[in-house]
Amino acid sequence: MRYVIIGAGPAGVTAGEALRRVDPEGAVTIVGDEPEPPYSRMAIPYLRTGRIEEQGTYLRKSAEHFEKQAIEVIQGRVVRIVPSSRSAELEDGGSLSYDRLLVATGSQPLMPKVPGADLPGVHPCWTLADAREIAGRAGAGRKIVLIGAGFIGSIILEALAIRGAALTVLEMGDRMVPRMMNEQAGNLIRRWCEARGVEVRVSTQVTEIRDLVDEKLRVIVRDGEPIEADLVISAVGVRPNVGFLDGTGVETRAGVVVDGRLQSSVADIFAAGDVAEGRDFSTGGYAVHAVQPTAADHARIAALNMAGLSAPFQGSLLMNVLDTLGLISASFGQWMGVEGGETAELLEPDAYRYLCLQFDGDVLVGANSLGHTDHIGAVRGLIQGRISLGGWKDTLLRNPTRIMEAYVARAKLYA
Ligand SMILES: Cc1cc2nc3c(=O)[nH]c(=O)nc-3n(C[C@H](O)[C@H](O)[C@H](O)COP(=O)(O)OP(=O)(O)OC[C@H]3O[C@@H](n4cnc5c(N)ncnc54)[C@H](O)[C@@H]3O)c2cc1C
């Protein structure tokens, strides 16, 4: 059996290793287009803050790791798939034949659609190459503008704010992390950042970026003063890398649509990670989650099915944990609540603590939290287990911090 995996990120590597475990005889090839050993984008902020070196971002630390696993890792860019001949064509003219193919090509960062977004000094923060470029321009006394305070923007904020740079954050929504945090939580994160010297402007839109002399840039916003910057970082969103699948018959919407086995609409072509639009545990619908835990879930299940085992996929629980200048926040599942559901809320603004639980009947279906970290496992366990809380729901409506006790009491009934 010849397995070809396109993309050497977390999804591709996890799938390659899982294939090796379940099919010791199969030939496993991972092809990735970045000129580095497989690495984790999640580690880029730690690289920026100096907590790790570049090698610290590598997914596997030993240079011989893949060789020892008999996994071939090659550098190349796949430009076309031909399902009829089961081949993946490479940019350099070569091709790889496959019996089972995994598309794990991730996503690419979007840039704001405004004049000047292509100027030197305007960057995404997505790859190791981006991190090197940014390092050359950021630093003490530099002025940085970050466009977008979503999940990725808020993660990289700390990495940009340290080392004495003056940081201004511009967010189109009415609060920080608007697609992950409700108003209370998003505004508290904003206040936390402002108290640490970061200027945050919400409900604002960049209309243009202008080139000034001496490598300076000017960011023009719709309502408000323009901002001068040495560096502009864009974190306005991502788009799955699906272009090379045109003409293959593989169905794509936001990403590659996959079924309950992670297979695409074309036989023997599977997809995993940021590129895949898979089942969402909470809604039962399909979504591109674009987070690493979902990439790992997808990759493991896809690999088992590629190897001919039967591994149904229940859907991934969307769960984001964020560290913004030391303030830990998290969102789980249906954090915005469900129709007819009930909400338990505890806000301690001066302590930067907040907990909000969402119930559907007596089942926890979502949560937002800020400044609480001890309950993360319990929240996840209750949601994923769809555990009926019985009388504990009323206890939690009165005091949501008793979530761990509720989990311990109720989870054992399901053990
Ligand atoms: C700065 C930053 C911080 C993040 N922090 C977090 C976090 O804290 N928590 C979290 O859950 N997620 C985080 N993420 C998101 C997380 O990194 C992604 O969800 C994860 O990388 C997805 O893995 P993947 O393997 O699907 O895609 P990727 O990691 O994007 O890997 C896909 C690979 O395929 C390659 N490729 C694309 N097209 C082709 C082609 N045609 N041929 C060959 N190769 C190709 C790409 O270049 C890339 O190397 C962060 C992302 C960034 C940028």
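The structure holds 21 salt bridges, a salt bridge being a side-chain nitrogen of Lys or Arg within 4 Å of a carboxyl oxygen of Asp or Glu. This is a predicted model, in which local features need pLDDT of at least 70 and side-chain atom pairs count only at pLDDT 80 or more, while totals for chains, interfaces and linings use all residues. Residues are numbered from 1 along each chain as its sequence is written, and side-chain values use heavy atoms, with hydrogens and water left out.

One of these salt bridges joins Arg 86 to Asp 268, with the closest N and O atoms 2.8 Å apart. Arg 86 lies in the loop between strand 4 (78-82) and strand 5 (87-90), and Asp 268 in the loop between strand 18 (256-257) and strand 19 (269-271), so the pair ties together parts that are 182 residues apart in sequence. Helices (H or I, at least four residues) and strands (E, at least two) are DSSP runs, numbered from the N terminus. Arg 86 is partly exposed, with a relative accessible area of 32%, whereas Asp 268 is buried at 14% relative accessibility; buried means under 20% relative accessible area, exposed over 50%, and partly exposed in between, with a 1.4 Å probe and protein chains only.

A second salt bridge brings together the side chains of Asp 230 and Lys 216, at 2.7 Å from N to O. Asp 230 sits in the loop between strand 15 (227-229) and strand 16 (231-234), and Lys 216 in the loop between strand 13 (206-211) and strand 14 (217-221), so this pair links parts that are 14 residues apart in sequence. Asp 230 is buried, at 7% relative accessibility, and Lys 216 is partly exposed, at 31%. The loop between strand 13 and strand 14 also holds Glu 215, which has a positive phi of about 60 degrees although it is not a glycine, and which counts as exposed at 56% relative accessibility.

In another salt bridge, the side chains of Glu 277 and Arg 253 meet at 3.2 Å, N to O. Glu 277 belongs to strand 20 (residues 276-279) and Arg 253 to the loop between strand 17 (238-240) and strand 18, so the pair ties together parts that are 24 residues apart in sequence. Glu 277 is buried at 7% relative accessibility, while Arg 253, at 48%, is partly exposed.

Which residues lie closest to the ligand? Of the 32 residues that surround the ligand, the closest are Ala 11, Asp 33, Glu 34, Asp 274 and Gln 292, where a residue is near a molecule if one of its heavy atoms lies within 4 Å of it. A backbone N or O atom of Ala 11 is 2.9 Å from an oxygen atom of the ligand, and a backbone N or O atom of Gln 292 is 2.8 Å from an oxygen atom of the ligand. From Glu 34, an N or O atom in the side chain lies 2.6 Å from a ligand oxygen atom. The protein covers 94% of the 990 Å² of accessible area that the ligand has on its own, an area that comes from the Shrake-Rupley method with a 1.4 Å probe.

The elements that give two or more residues to this shell are helix 1 (10-22), strand 2 (27-32), helix 5 (151-161) and helix 7 (292-306). The largest share, four residues, comes from helix 5. In helix 5, Gly 153, Ser 154, Ile 156, Leu 157, Glu 158, Ala 159 and Leu 160 are buried, and the helix is followed by Arg 163, whose phi is positive, near 65 degrees.

A positive phi also occurs at Tyr 352, a residue other than glycine, with a value near 55 degrees. Tyr 352 lies in the loop between strand 24 (342-348) and strand 25 (353-360), and Tyr 352 is buried, with a relative accessible area of 13%.

The cysteines remain. With a disulfide taken as a pair of cysteine sulfur atoms within 2.5 Å, the count comes to zero disulfides. Cys 125 is in no disulfide, and the nearest cysteine sulfur, that of Cys 193, is 16 Å away. Cys 125 is buried, with a relative accessible area of 11%, and Cys 193 is buried at 0% relative accessibility.

Notes:
Polar contact = N/O pair within 3.5 Å; in protein donor to acceptor, adjacent residues only side chain to side chain.
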